[in-house]
Each structure stands twice: as structure tokens, then as C-alpha cells.
Amino acid sequence: MSALLLAILAAGLYTINRFDERLTPDRRTGIIILAGVPAGACFGWRAVIQNGVLPALFLEVVIGCLLLACITDCATCQVYRFVWWISGGAALLLLGIHGRPEGENLWGLVLFCLLQLVFFSHMYGKGDCHAFCVCAAVETAAGMGFAGFLLHMLVSFSLLAAVQGPKGNISRKGSLKQPVPFIPYITISFFAILLFL
């Protein structure tokens, strides 16, 4: 599983460096790889045991894309669209493999994605909205519903506040004074939620 995650990261970084500006690895890139790859591999092996190889592979593609998004978000404060095409496709295939989710959960996923893209995209970046939508599709495949997606958002914002608050980067209105990459917080909270699924 670690090899698959590293291959996704290597292919993504190669593609970006080949067709766009070069991303130079920094300390944060190393931390994401050293912490994210083993954690993601553990979730992959757990998925193999619980659900079989194919669902685990789709989950690993989603996790690999999230880690790539963390690297690019930290380096450039943006995420390339192809990351969401690949991870979204893998999340939908994972959703399909698990059979049709309960109608309530499926409608909750649709409503959550619409809220993200229509309403929340004005509060933070579209890449962050896409990350929440992809994670919500995986969470739906695991049996979560709308309340779980909102919990994921709450945990993400709580982590952001816990890190940025002591740095004095949160204004009295609750917004960030200086923008920071948000996808690492979304990914860490996604990992935390996966622990309980």
C-alpha cells in the first residue's frame, strides 16, 4: 500500500513539474510524506481486511490524491484539478462497489456537495470544497450520512483554530488574517474519522 501511495505522489509531482511550474520539496513535503504515507497505508491494509482488495485500492487512490493535494496546497496554495478528477472518480467507484447506499445517506451526500460548491466555495477555496466532497463520498461508502460530513467539517475547522489561534492568525470576526493551506487540516480530520469507521 505504501508503494501505491508513493507511486501516486511521484506520478502527480512528475506531471506537475513536467507541465507547470516546478515544485521544490520543502520540510512540509517531507512531513506529509513521512507521516501521511504510513498512515494511509495502514488504512489501506485495514480496508483489505474488512472489504477486500479492490475497495482498498480505490481508498488508497483517494488518500494518495489527498496527500498530493496537501503538498501542492502547502507549496502554492492551490490544487490542480486533475487531483479531484482522479480522487473523485475513485471515490465514486468505491461508493459503487459498496452497493447502493441508503437513500438518506445518498441524498445527504448530494446536498452536502451542493452546499460546498454553491455556498462554502465563497468562504474558502474550491479545492477545499472538492476535498470535502471527495471525503464525503468515501464516508458515504462507509455508511456515514449528512451529520458525519458536518462532523468532518467541524473537526477540520477545530484543528485549524487550534493551530492558527495561538499564532494570532484569527481575527475577531473568526476569519484568518493570513491565508494558510486548509487541505492538510481536512486530510488529518479525514484520517481521524476513518479511525472510527
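**Aromatic pairs and a helix crossing in a predicted model**

Q: Is Phe132 buried or exposed?
A: Phe132 has a relative accessible area of 1%. Buried means under 20%, exposed over 50% and partly exposed in between (1.4 Å probe, protein chains only). Phe132 is therefore buried.

Q: How many aromatic pairs are there?
A: The model is predicted, so local features need pLDDT of at least 70 and side-chain atom pairs pLDDT 80 or more, while totals for chains, interfaces and linings use all residues. Residues are numbered from 1 along each chain as its sequence is written, and side-chain values use heavy atoms, without hydrogens or water. Rings of Phe, Tyr and Trp (its six-membered ring) pair if their centres lie within 6.5 Å. By this rule the count is twelve.

Q: Which class does the pair of Tyr80 and Phe82 fall into?
A: Planes under 30 degrees apart count as stacked, over 60 as edge-to-face and the rest as tilted. The ring centres of Tyr80 and Phe82 are 6.2 Å apart and their planes stand at 40 degrees, so the pair is tilted.

Q: How many residues apart are Phe132 and Phe182?
A: Phe132 and Phe182 form an edge-to-face pair, 6.0 Å centre to centre with 65 degrees between the planes. Phe132 lies in helix H6 (residues 126-141), whereas Phe182 is in the loop between H7 (146-164) and H8 (183-195). Helices are DSSP runs (H or I, at least four residues), numbered from the N terminus.

Q: What is the relative accessibility of Phe182?
A: Phe182 also belongs to a cluster of ring pairs that includes Phe119 and Tyr185. Phe182 counts as buried, at a relative accessibility of 6%.

Note on methods
Helix = DSSP H or I, 4+ residues; strand = E, 2+ residues; numbered from the N terminus.
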